[in-house]
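Let's walk through the ligand's surroundings and then the annotated positions.

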Amino acid sequence: MIPSGAPIVTAAEMRAAEQAVFASGVSQDSLMERAGAAVARETARFATGRPILILAGPGNNGGDSYVAARLLQNAGHDVSLVATGAPAPGAAERMHALWHGPTSSLYAARPRPVLVDGLFGTGMTRPLERGLAAVFADLCKQAEFTLAIDLPSGIHADTGADLGAPRGIDVTLALGALKPGHLLDIGLERCGRVLLADIDIPVHTRWRTVTRPRIDTPGAHSHKYSRGLVAVIEGAMPGAARLAARAAMAGGAGYVVLAGDRPWGEGPDALVRREVRTAEDLSEFLGWDRIDAIVLGPGLGRDRRAEAYLRAAFAAPKPLILDGDALTLLGTDAARWLETRAAPTWITPHSGEFDRMFAGVGSKIDRTLAAAAEARATIVHKGADTVIAAPKGEVRLLAHGSRWLSTAGTGDVLAGLLAAQVVQSGKGVAPAEAAVWLHARAAQLAGPALIADELIGHIPGAISECL
Ligand SMILES: NC(=O)C1=CN([C@@H]2O[C@H](COP(=O)(O)OP(=O)(O)OC[C@H]3O[C@@H](n4cnc5c(N)ncnc54)[C@H](OP(=O)(O)O)[C@@H]3O)[C@@H](O)[C@H]2O)[C@H](O)CC1
Ligand SMILES: [K+]
């Protein structure tokens, strides 16, 4: 469980925020006392009287450990401490001097029921040394409860990359703000439950976790057109477009048209069919001024006609949601193509599609942000660690994704759901955030081993939580 709408900052931004606090007259010691007190509070809450082993690394993460150890001991807990080396000069060293309980070296450490990991936090620069990683993993394995201070040691704060983090961390207490490592890559699965401790460090960022949207009940004068018309374009695999169309309907669009060469195909009766057999037919249809958003890509195929459909959709001055085959067709020229569009565009690549379209270095956030700026499109970079990025620098990270979403068709559902949010809630990151939240919530409601068709049935349930 990760707080929704919580700010996310990089290690460098966190350091800068700490420096600003120091500049305002707060000492490093008192900030460390706040951090250590938060750790002690949460540890005591979960320890319920059991003996506690605290690991202290050489940096300020270790400094937090020394504070927590002292406070827990003063509160009557049975605490022992393992130090991996001499504390760094400064606050950590001063906090070490205030600890008067038992201290041992890592290799002499005996497992205890409660383990607190204060080896490394935002300062991890390289993989854990093998021997240390093995002892740490073993202590985690033998503990009944493990809490990591700020980040599990062995998770890269900015990327979530695995630098040797153990399995079995139950709670990670993020200090001051979430870091990307709590939500990305291996970090997402190694942090356990993430709690956020407010230690009074103001942070300013445009990066947040995805929040539950507020959805308006249709007003007294609402009608099918005012609630938005979504056009979904069918292609070689009509089931995928049908899923997108049904998701757009379930997502609250007022009118959904499925355009393709199967004018009497299966699907709900409320789904309107429009016969489109050629790119010319499509251009003519997309000229209809009632259309508020277009979905292209699910099951489109990659043949000549698909390419011509893509060109027709690009030329239409309407909000456009591109997914699946449309993204593959864009290929490595994606950014050059996308940035030519005057009307807003959203693209929903999974990592394979993203990597084919965009180069880039850094974390998933860095790469998605760079691509959004380059393509002038809002990007929903899907995965267990979905990242939404907009051209002007806004970022949203999904904190409650379901692993069960990794089946065929769930992406088509997201594309349709996104179109429904685009016609209802407008530009940029907001509709993408709403769609990603609803999609993830519908998946939770659908439970394990869900299939995409069932997911659609749970969208209204997810919406009902947002009214
Ligand atoms: N700034 C503050 O007053 C507060 C910080 N908080 C806590 O501090 C940490 C961040 O502290 P920092 O000292 O920047 O970093 P770490 O403690 O995470 O680690 C730095 C030391 O660890 C060494 N290091 C890094 N990687 C490895 C590794 N794989 N193996 C061994 N040693 C490693 C690093 O050495 P270098 O050679 O790289 O310099 C440092 O010695 C933050 O996470 C909070 O917990 C408080 O919360 C608020 C006050
Ligand atoms: K840690």
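Starting at the ligand, an oxygen atom of ligand 1 sits 2.9 Å from a backbone N or O atom of Gly123. Please keep in mind that this is a predicted model.

**Polar pairings of ligand 1**

- Pro127 takes part through its backbone: one of its polar backbone atoms is 3.0 Å from a nitrogen atom of ligand 1.
- Asp150 uses its side chain instead, with a polar atom 2.7 Å from an oxygen atom of ligand 1.
- On its own, ligand 1 has 940 Å² of accessible area, and the protein covers 78% of that.

**The shell around ligand 1**

- There are 21 residues around ligand 1, and those that come nearest are Glu18, Asp64, Gly121, Arg126 and Asp150.

**The annotated positions**

- The unreviewed UniProt entry carries a "binding site" annotation that covers Asn61, Asp117 and Ser153.
- Why can these three be said to gather at one spot? They span 93 residues in sequence, but no two of their C-alpha atoms are more than 9.5 Å apart, so they come together in one place.

**Asn61**

- Asn61 belongs to helix α3, which runs over residues 60–74.
- Is Asn61 buried or exposed? Its relative accessible area is 9%, and because buried means under 20%, Asn61 counts as buried.
- Beyond its neighbours within four places in sequence, Asn61 is in contact with Asp117, Gly118, Leu119, Phe120, Gly121, Ile149 and Asp150.

**Ser153**

- Ser153 is found in the loop that links β5 (145–149) and β6 (171–175).
- With a relative accessibility of 0%, Ser153 is also buried.
- Which side chain does the side chain of Ser153 meet in a polar contact? The partner is the side chain of Asp117, at 2.5 Å.
- Setting aside neighbours within four places in sequence, the contacts of Ser153 include Leu119, Phe120, Met124, Leu128 and Phe136, along with Ala165 and Pro166.

**Linking the annotated positions**

- Asp117 is in contact with Asn61, and Asp117 is also in contact with Ser153.

Definitions and conventions:
Residues numbered from 1 in each chain as written. Chains lettered and ligands numbered in written order. Predicted model: local features only at pLDDT ≥ 70, side-chain atom pairs only at ≥ 80, totals over all residues. Heavy atoms only, no water. UniProt positions renumbered as here; feature names shortened; annotations may be inferred. Helix = DSSP H or I, 4+ residues; strand = E, 2+ residues; numbered from the N terminus. Buried < 20%, exposed > 50% of the residue type's maximum accessible area, 1.4 Å probe, protein only. Contact = heavy atoms within 4.5 Å. Polar contact = N/O pair within 3.5 Å; in protein donor to acceptor, adjacent residues only side chain to side chain. Near = heavy atom within 4 Å. Areas by Shrake-Rupley, 256 points an atom, 1.4 Å probe, with all protein chains shown as cover.
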